[in-house]
Amino acid sequence: MTVTGLDVSDELFARLREFYTDDQVVELTEAVAWENASSKFNRALRIPSQGLWKRRRGGAGGDV
């Protein structure tokens with residue numbers, strides 16, 4: 001959703017509503033938006049990754 005002009009389709013909303021309540025869709029959207037903003041903020045300030053994605057997959061930790 002960070003691309004200007006991009007929109008969420010009615011089909012995607014319908015699929016989400018099969019599994020989640022409206023309140024849960026709002027919370028999911030907030031979590032995704034927060035992670036996106038955090039990622040952009042860190043990148044702008046050249047804050048390196050902590051390598052958490054590697055640790056979850058069983059790989060080595062540390063900066064990427």
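These are my notebook entries on a predicted model of one protein chain.

**Ground rules.** I number residues from 1 along each chain as its sequence is written, and my side-chain values use heavy atoms, with hydrogens and water left out. As the model is predicted, I keep local features to pLDDT of at least 70 and side-chain atom pairs to pLDDT 80 or more, while totals for chains, interfaces and linings use all residues.

**Confidence.** I looked up pLDDT (the predictor's confidence in each residue, from 0 to 100). The chain averages 82, and 80% of the residues score at least 70. Confidence is highest in α1, at a mean of 93, and lowest in α3, at 73.

**Fold.** I counted 3 helices and 0 strands, in the order α-α-α along the sequence. Helices (H or I, at least four residues) and strands (E, at least two) are DSSP runs, numbered from the N terminus. I then checked the span of α2: its 23 residues reach 33 Å from first C-alpha to last, close to the 33 Å expected at 1.5 Å a residue. The expected span is 1.5 Å times one less than the number of residues.

**Surface.** I found 5% of the 64 residues buried. My classes are buried (under 20% relative accessible area), exposed (over 50%) and partly exposed in between, with a 1.4 Å probe and protein chains only. The chain exposes about 6100 Å², and carbon and sulfur atoms supply 54% of that. Accessible areas come from the Shrake-Rupley method with a 1.4 Å probe; for residues, only the protein chains shown count as cover.

**A nonpolar patch.** Phe-19, Tyr-20, Leu-28 and Val-32 form a nonpolar surface patch, with about 430 Å² of accessible area together. Patch members have over 30% relative accessible area and no salt bridge; nonpolar side chains (Val, Leu, Ile, Met, Phe, Trp, Tyr) are joined within 5 Å, like charges within 9 Å. I placed Tyr-20 in the loop between α1 (10-17) and α2 (22-44). I call Tyr-20 partly exposed because its relative accessibility is 39%.

**One salt bridge.** My search of the whole structure gave 1 salt bridge, meaning a side-chain nitrogen of Lys or Arg within 4 Å of a carboxyl oxygen of Asp or Glu. The partners are Asp-22 and Arg-17, at 3.1 Å, N to O. Asp-22 has 47% relative accessibility, so I file it as partly exposed.

**Inside α2.** Thr-29 lies in helix α2. A polar atom of the Thr-29 side chain is 2.8 Å from the backbone oxygen of Val-25. Thr-29 is partly exposed because its relative accessibility is 49%.

**After α2.** α2 is followed by Arg-46, with a positive phi near 60 degrees. I noted this because most residues other than glycine have a negative phi. Arg-46 sits in the loop between α2 and α3 (52-56). At 76% relative accessibility, Arg-46 therefore counts as exposed.

Conventions. A polar contact is a pair of N or O atoms within 3.5 Å; within protein, one must be able to donate a hydrogen and the other to accept it, and residues adjacent in sequence count only if both atoms are side-chain atoms.
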